[in-house]
Amino acid sequence: MLPPQLTRDSFSNYPPQARQLASDHLATLQRLPLAFLPLLLREVMAYDWKFPAERRDLDAQFAYLQSLEPGEFTREMTPFAALQLSPDFEKIDWVNHPADFSEKLSAQLWATHQHDAFRNASVDYVNRVQASQQAPTPEMNRLALVIIGQGVATPAIPLFRKLRPVGVHYTNVDPERGVDDLLAIAADRAAKYPEPYAHWYIDGGHAAPLPGESVTCVSYASLDPIRLGLINKMRQVMQPGGGGSEMLRTVLAQITPAELGLPENSPTAVLDRFRISMLTEGSGTQLFSTTFVQWSAREALRRAQPLTLVARFAPRQREESMKELLAGTAHQAVLDPPGSLVDADMGAYYTYINLQRLSGADRSGFLVWFEGHSEALAIGPALGKSHIDAGRVTLRELVTRLA
């Protein structure tokens, strides 16, 4: 099939909202080149399970395409139309299986030395789409709170080294009720602006009780049944004759909630899909809780674009070889709090970097705290940089200084 042959019936297998979106923009989809269209349909197909911010971005992409005059549209799509594809790509069911098309396209582009051309065209296109829309002003200043070092008495390395040049290093923080206070701050912000998926709490262990119901919670421990089921599938693929690493990538990309014991269409389907994607798209998220928190925080910021994020790192198991872990022959899990702190310290830095990519970044606040101890670092428009503050302060007071 080629794009001009699309009809409304082509999308009969899509979820309801995705089917409606594709039907509403059928004329635009019919004009897109084959090297571009299935990649867009991959996003359209997942529309029902996207966060509000993602839906806005996809809607804006269609608005941009429809705003182009015929000549502008042709110029926009020319770099994609110029890519040389094998005739076999027309035989792929790219409407219902756009992910399969995407994998085969990537291999084709690399094999024919067209990957750079495709990448450059994609970057230029995304930049023009973003330039065509005005980034929404956050309803309140964004705030990210990161908690690291659970179970560590004394750090083996100086903390916050990558963040100190842009923030204030506090050395006399009152640690009493620290976790409870930071979660209460998140709950208070959620009560003031109770937008779905605008406030998040991600925990690398068992989630602490939340004083409210408007904060989206994702914890590593709560995903144990799903995670272990996924690891068993990974082991099967990695066994001799199972397909190996290339097949593993395909299996993870195509896995469905039903295969992991989750209902396909539940009231929590959007969040369930997010949880599954954290375990199937991240490298090491299935095995190491620190990697899970870092990746989940990154994806929550990128996809949901929240106003509030609390990310709490917990001790991960001591590292074994990936071969042993996937084969199930690793030693009994032993936690490694000191090594986990090193991971979490770097994870906090990455979380700050990802926060800066969102609209309103110049007004956002960031806090990282060494759990149970008197050391923290804060970054905000009202604070200085490369400064040490030894005055006694509570975490609540620190957060108020971030405004």
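I start with a definition: a salt bridge is a side-chain nitrogen of Lys or Arg within 4 Å of a carboxyl oxygen of Asp or Glu. Before I apply this, two remarks on the source. This is a predicted model, in which local features need pLDDT of at least 70 and side-chain atom pairs count only at pLDDT 80 or more, while totals for chains, interfaces and linings use all residues. Residues are numbered from 1 along each chain as its sequence is written, and side-chain values use heavy atoms, with hydrogens and water left out.

Let me turn to the charged pairs. K91 and D88 form a salt bridge through their side chains, at 3.8 Å from N to O. For accessibility, buried means under 20% relative accessible area, exposed over 50%, and partly exposed in between, with a 1.4 Å probe and protein chains only. K91 is exposed, because its relative accessible area is 68%, whereas D88, at 47%, is partly exposed.

How many salt bridges does a search of the whole structure find? The search finds 18. Among them is the bridge between E43 and K50, at 2.7 Å from N to O. Here E43 is partly exposed at 36% relative accessibility, and K50 is buried at 9%. R363 and D362 form another, with their closest N and O atoms 3.7 Å apart. R363 is partly exposed at 32%, while D362 counts as exposed at 59%. There is also a network of salt bridges, which links R177, D180, D181 and R396.

I move on to one helix. Helices (H or I, at least four residues) and strands (E, at least two) are DSSP runs, numbered from the N terminus. Helix α12 covers residues 289-304, that is, 16 residues. The expected span of a helix is 1.5 Å times one less than its number of residues.

Which residues of α12 are buried? They are S289, T290, F292, V293, S296, A297, E299, A300, L301, R303 and A304. With contact taken as heavy atoms within 4.5 Å, these buried residues pack against several elements, including α4 (52-67), β4 (199-203), α11 (269-281) and α14 (337-355). After α12 comes Q305, whose phi is positive, near 50°.

The next topic is the nonpolar interior. In soluble globular proteins, nonpolar side chains tend to be buried together. A nonpolar core is a set of buried Ala, Val, Leu, Ile, Met, Phe, Trp, Tyr and Cys residues joined through side-chain atoms within 4.5 Å. The largest such core has 47 residues, and those with the most contacts inside it are I148, W200, F274, F292, F366 and V368. If neighbours within four places in sequence are left aside, F274 is in contact with F51, W200, V218, S296, E299, A300 and R303. A second, separate core has 37 residues, including L6, F11, L41 and F118.

Now to the aromatic rings. Rings of Phe, Tyr and Trp (its six-membered ring) pair if their centres lie within 6.5 Å; planes under 30 degrees apart count as stacked, over 60 as edge-to-face and the rest as tilted. The count by this rule is 15 aromatic pairs. One of these is F89 with F101: the ring centres are 5.3 Å apart and the planes at 75°, so the pair is edge-to-face. This pair links distant parts of the chain, since F89 is in the loop between α5 (70-81) and α6 (98-111) and F101 is in helix α6, 12 residues apart. Both F89 and F101 are buried. Y349 and Y350 have ring centres 5.9 Å apart and planes at 45°, which means that the pair is tilted. Y349 is partly exposed at 22%, and Y350 is partly exposed at 37%. Ring pairs also join F36, Y64, F80, F118 and Y125 into a cluster.

Finally, I come to charges over rings. A charge sits over a ring if NZ of Lys or CZ of Arg is within 6 Å of the ring centre and within 35 degrees of the ring normal. R55 lies over the face of Y47, at 5.1 Å from the ring centre. R273 lies over the face of W49, at 3.6 Å from the ring centre.
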